[in-house]
Amino acid sequence: MGSQQIEEVDVLLVGAGFSSFTLLNRLRKLGFSVRIFEKGSAASGVWWWNCYPGARVDTDTPIYQLFDKELWEDFTFTERYVGWKELRRYFDYVEKKWNVRDHTSFNMNVDSAVFDESRQQWLVECADGTEIYARWFIPCIGFASKRYTPPFPGLGNFKGDIYHTAVWPQHGVNLKGKRVAEIGTGASGIQVIQEIGPVVKELTVFMRTPNMCLPMNQRKLDPKEEEEKKKSGWYEREMEKTRHTFAGFTYDFVQRNTFDDTPEEREKFYHNLMVDHGGFMFWLATYKDMLFDLKANEQAYNFWRRQVLKRITDPKKQELLAPKVPPHPWGTKRPSLEQRFYEVIDQPNVSIVDINKSPIEEVTATGLKTKEGHVEVDVIILATGFDSVTGSLAQLNIQGTKGGTIADHWKDGTRTAMGIAMPEFPNMFFLYGPQAPTAFSSGPSCTQFQAEWVERTFQMIKDKGITRLEATQESEDDWCKRLREEWDATLFPMAKSWYQGANIPGRKVEPLNWAGGMVEYVATLNRSLDNDLQGWKYATAVQS
Ligand code: N01
């Protein structure tokens with residue numbers, strides 16, 4: 001195809017979820033032409049792909065949405081923690097209200113991008129051969145778009161159905177009365193187990209690490225009450241709070257250490273967080289030393305364990321799900337929010353195979369074989385997660401100015417400038433990706449704050465007539481150093497978690513998320529603009 005026929009835009013956004021929607025609205029208001037390419041056939045990002053039974057958010061209403069009064073004034077969520085179906089309705093609503101569809105092409109699987117020095121533009125190509133030139137290229141593909149399937153021997157021989165939670169069939173799956181094997185107890189696994197346990201005939205959970213789940217305390221929201229809250233300014237106040245906390249939630253660590261309180265005070269405090277409030281408060285609104293000090297952490301684990309044991313009757317399951325000795329410090333792997341998980345897994349039709357003791361030796365035509373024997377099943381559900389955080393970007397063939405791809409740039413370890421850009425990849429930003437607060441934050445908050453920074457940057461691009469903007473090597477070096485220091489000060493390195501890539505065999509184990517908190521992250525981003533693009537090199541139309 002001749003270059004004259006290729007469409008040109010100012011900005012190409014990849015992925016149709018929170019990040020790209022908020023950017024689209026901001027950048028087109030500044031006068032840039034913007035286009036979204038989305039791989040799926042509708043918007044909603046991860047909620048398009050992860051439509052498995054029970055999939056829902058772990059952030060409370062009203063902060064799991066775009067922070068825009070024009071939007072929340074006319075849309076009221078019905079639950080404290082929203083499910084995937086309602087999120088899809090929400091994205092539909094935003095699409096119409098913001099006229100997103102005119103700017104979006106669906107079923108566009110971007111698989112390569114090359115920076116064309118002569119034009120100072122990215123040439124982006126999709127799997128179907130569609131090409132587009134974009135001066136600015138912004139992948140908004142999140143941290144969980146490359147699913148992970150462990151190479152279980154014989155998986156291809158299984159004659160029943162196999163489903164991965166991250167590509168669940170859009171038409172749903174009827175599991176009633178079936179014998180099901182479920183592998184994985186991360187957020188997806190926990191949600192699936194508690195949802196399907198009551199309807200399947202037999203459920204066998206193949207578990208490697210118990211999840212230290214927290215009660216979600218889910219509830220329906222009263223529409224009238226929500227309207228009142230909107231009128232009273234509560235929604236604005238909640239959204240404002242997210243700007244001042246470690247993880248972009250509405251709550252934060254207290255300014256006390258664990259042993260500042262007496263045992264009785266501590267018990268009462270923990271109870272209030274975990275049992276009365278529920279959600280992530282026991283993780284993110286607790287004593288400020290919990291994720292830094294092992295002794296403090298032990299106190300949290302012991303309280304958590306006592307609560308969980310009350311809900312399980314089977315002694316074997318008790319020890320597997322809440323062992324005396326924790327597999328890692330509490331909260332250093334993502335705790336999942338559960339609704340009735342412990343009661344469901346305690347049911348007689350649900351069994352657990354500890355695959356540390358009895359690894360999956362083989363998947364046969366009719367089931368799974370371990371040292372304990374052969375389990376016959378009709379369906380296998382893989383809730384085995386993702387090549388998280390870096391996998392989304394590294395799987396694309398995005399080539400920088402020195403010819404290497406992002407995967408090449410990261411061959412000795414992940415490197416970014418402020419978790420938003422990289423040297424050698426000019427005119428490219430990425431949101432909700434590696435080395436940002438990403439997995440240590442509420443997604444809509446993180447993307448909102450990054451998008452605000454991108455908007456400010458584009459205002460500067462417009463004002464100065466910038467045609468090329470690239471992070472400096474010093475900026476990347478500095479960020480990697482700071483990122484490592486923040487990480488090493490915490491207990492996170494002690495868990496074999498996807499936070500540091502340890503879930504993928506052979507992958508380098510390294511910090512993939514910024515553990516220094518949202519406030520410092522946003523301040524760092526803003527400092528670079530306040531100091532006249534410190535950490536960036538740029539060219540203007542006249543120079544280029
Ligand atoms: O993935 P995971 P996920 N053999 O990686 C196990 C977001 N999310 O899809 O812990 C056997 O957490 C693995 O075991 P182990 C959210 O941020 C949010 O559940 O490594 N098992 C683990 O149990 C979330 O945290 C929601 O020992 C193997 C499981 O598979 C993130 O996405 C809902 C194995 C994978 O868990 C990822 O969640 C869903 C093997 N070879 C997802 N390899 C919300 O609620 C892996 N496992 C918002």
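The model is a predicted one, so local features are kept at pLDDT of at least 70 and side-chain atom pairs at pLDDT 80 or more, while totals for chains, interfaces and linings use all residues. Residue numbers start from 1 along each chain as its sequence is written, and side-chain values rest on heavy atoms, with hydrogens and water left out.

Aromatic rings come first. A pair of rings is described by the distance of the centres and the angle of the planes. Rings of Phe, Tyr and Trp (its six-membered ring) pair if their centres lie within 6.5 Å; planes under 30 degrees apart are called stacked, those over 60 edge-to-face, and the rest tilted. Searching the whole structure turns up 45 aromatic pairs. One of them is stacked: tryptophan 136 with phenylalanine 429, at 6.4 Å centre to centre and 10° between the planes. This pair ties together distant parts of the chain, 293 residues apart, with tryptophan 136 in strand β6 (residues 131–139) and phenylalanine 429 in the loop between α14 (406–409) and α15 (443–464). Helices (H or I, at least four residues) and strands (E, at least two) are DSSP runs, numbered from the N terminus. Tryptophan 136 is buried at a relative accessible area of 2%, and phenylalanine 429 is buried at 0%. Here buried means under 20% relative accessible area, exposed means over 50%, and partly exposed is in between (1.4 Å probe, protein chains only).

Phenylalanine 341 and tyrosine 342 make an edge-to-face pair, with 5.0 Å between centres and 75° between planes; both residues are buried. Elsewhere, ring pairs join up into a cluster made of Phe18, Phe21, Trp47, Tyr64, Phe75, Phe77, Tyr90, Phe91 and Tyr93.

Charges sit over rings too, the test being NZ of Lys or CZ of Arg within 6 Å of the ring centre and within 35 degrees of the ring normal. Arginine 119 is over the face of tyrosine 133, 3.7 Å from the ring centre, and lysine 229 is over the face of tryptophan 234, 4.4 Å from the ring centre.

Next up is the ligand. Oxygen atoms of the ligand lie 2.8 Å from a polar backbone atom of arginine 56, 2.6 Å from a polar side-chain atom of serine 188 and 3.2 Å from a polar side-chain atom of tryptophan 498. On its own the ligand exposes 910 Å², and the protein buries 89% of that.

Finally, the backbone. Most residues other than glycine have a negative phi, and most peptide bonds are trans. Threonine 61 and proline 62 are joined by a cis peptide bond, with omega about 15°. Serine 44, not a glycine, has a positive phi of about 125° and is buried, with a relative accessible area of 2%. Glutamate 424 also has a positive phi, near 75°, but is partly exposed at 22%.

Definitions and conventions: A polar contact is a pair of N or O atoms within 3.5 Å; within protein, one must be able to donate a hydrogen and the other to accept it, and residues adjacent in sequence count only if both atoms are side-chain atoms. Accessible areas come from the Shrake-Rupley method with a 1.4 Å probe; for residues, only the protein chains shown count as cover.
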